[in-house]
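Student: I would like to learn how to read some features of a protein model. Please take them one at a time.

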Amino acid sequence: MTAVPRHRLDGPDGAPVVVLGPSLGTSMDLWLPQLPALTRAWRTLRYELPGHGGAPSPGGPFTVEDLAEGVVALLDALGVERAAYAGVSLGGAVGTALALRAPERVASLVLCCTSPRFGDPGPWRERAALVRREGVGPVADGAAGRWFTPSFTGAEPYVAMLRATGAEGYAGCCEALAAFDATARLAEIRAPALVVAGAQDGPTPPRGHADRLAAGIPGARLTVVEGAGHLANAERPAEVTEAITAHLDRTWRGTRR
């Protein structure tokens, strides 16, 4: 049986459910900038990745598809038949896998700063080996530069999330990203999709990542946020929140689980 991930519900009982997936190296608190707006109309369901946010580290290797199965198990445990899903980076990849694995469960999809394929597997496996050998410290030291534009001054709380992440959980997520490639299956996604990209995103730049998602998913819309790096929802919260809520209003608000 697939384990149910550590999670938290916020917002009004009985409202439509929106699942929020975090990125590699962050906790569910990555979504705090969006929570005040989202919880006015939606029941938000945040979850932790393995070894992240105090969640237990995995007992063995896992894939992005396994993480999507965990979201299905979570929806089952809570009695939620259908939900919207929004995810950042690895959390977005989980959303893509979820929309392919269980399309009947996904009412609407938001893919933030993510990709159908996160580059060559080799560097991800090398990063996993580094973290297993030396811990997350070396990766955390350069995280602000990977995640944000140079002018952003609020990086420290997010870097602290990475420093608190378990090495094995982080390494396992790196290996899951190394193996992930949904490129050939994007046309199978039926959920109404919004793709959000940071214009200055280094790890998943709009060209070659967000544009491939938007072109591959039938009917998907693409929003590029200026002045935003990889964690666009943290660096430009107002713009990203507006894009997400407008999409959810259009595709999911007023429906029930």
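Student: Is D13 buried or exposed?

Tutor: Buried means under 20% relative accessible area, exposed over 50%, and partly exposed in between, with a 1.4 Å probe and protein chains only. D13 is exposed, as its relative accessible area is 66%. Before we go on: this is a predicted model, where local features need pLDDT of at least 70, side-chain atom pairs count only at pLDDT 80 or more, and totals for chains, interfaces and linings use all residues. Residues are numbered from 1 along each chain as its sequence is written, and side-chain values use heavy atoms, with hydrogens and water left out.

Student: Which residue does D13 meet in a salt bridge?

Tutor: A salt bridge is a side-chain nitrogen of Lys or Arg within 4 Å of a carboxyl oxygen of Asp or Glu. By this rule the count is 13 salt bridges. D13 pairs with R43, at 3.1 Å from N to O. D13 sits in the loop between β1 (7–10) and β2 (17–21), while R43 is in strand β3 (residues 43–47), 30 residues apart. Helices (H or I, at least four residues) and strands (E, at least two) are DSSP runs, numbered from the N terminus. R43 is buried, with a relative accessible area of 19%.

Student: Which residues does a network of salt bridges with shared partners join?

Tutor: First, a separate pair: R185 forms a salt bridge with E188, their closest N and O atoms 2.8 Å apart. Salt bridges that share partners join R8, D10, D29 and R46 into one network.

Student: At what angle do α2 and α3 pack?

Tutor: Axes are lines fitted to C-alpha atoms, for helices over the stretch in contact, and angles run from 0 to 180 degrees between N-to-C directions. Helix α2 (residues 64–78) and helix α3 (residues 90–101) pack at about 70 degrees, with axes 8 Å apart. That makes α2 roughly perpendicular to α3, a label for angles of 65 to 115 degrees.

Student: Where do the buried residues of α9 lie, seen down its axis?

Tutor: An α-helix has 3.6 residues a turn, so residues three or four places apart point the same way. In helix α9 (residues 206–216) the buried residues are P206, H209, A210, L213 and A214. Seen down the axis of α9, they fall within an arc of 110 degrees, so they line one face of the helix; the arc is that of the directions from the helix axis to the C-beta atoms. The face turned away from the buried side of α9 carries the exposed residues R207 and A215.

Note on methods
Angles under 35 degrees count as roughly parallel, over 145 as roughly antiparallel, 65 to 115 as roughly perpendicular and the rest as oblique.
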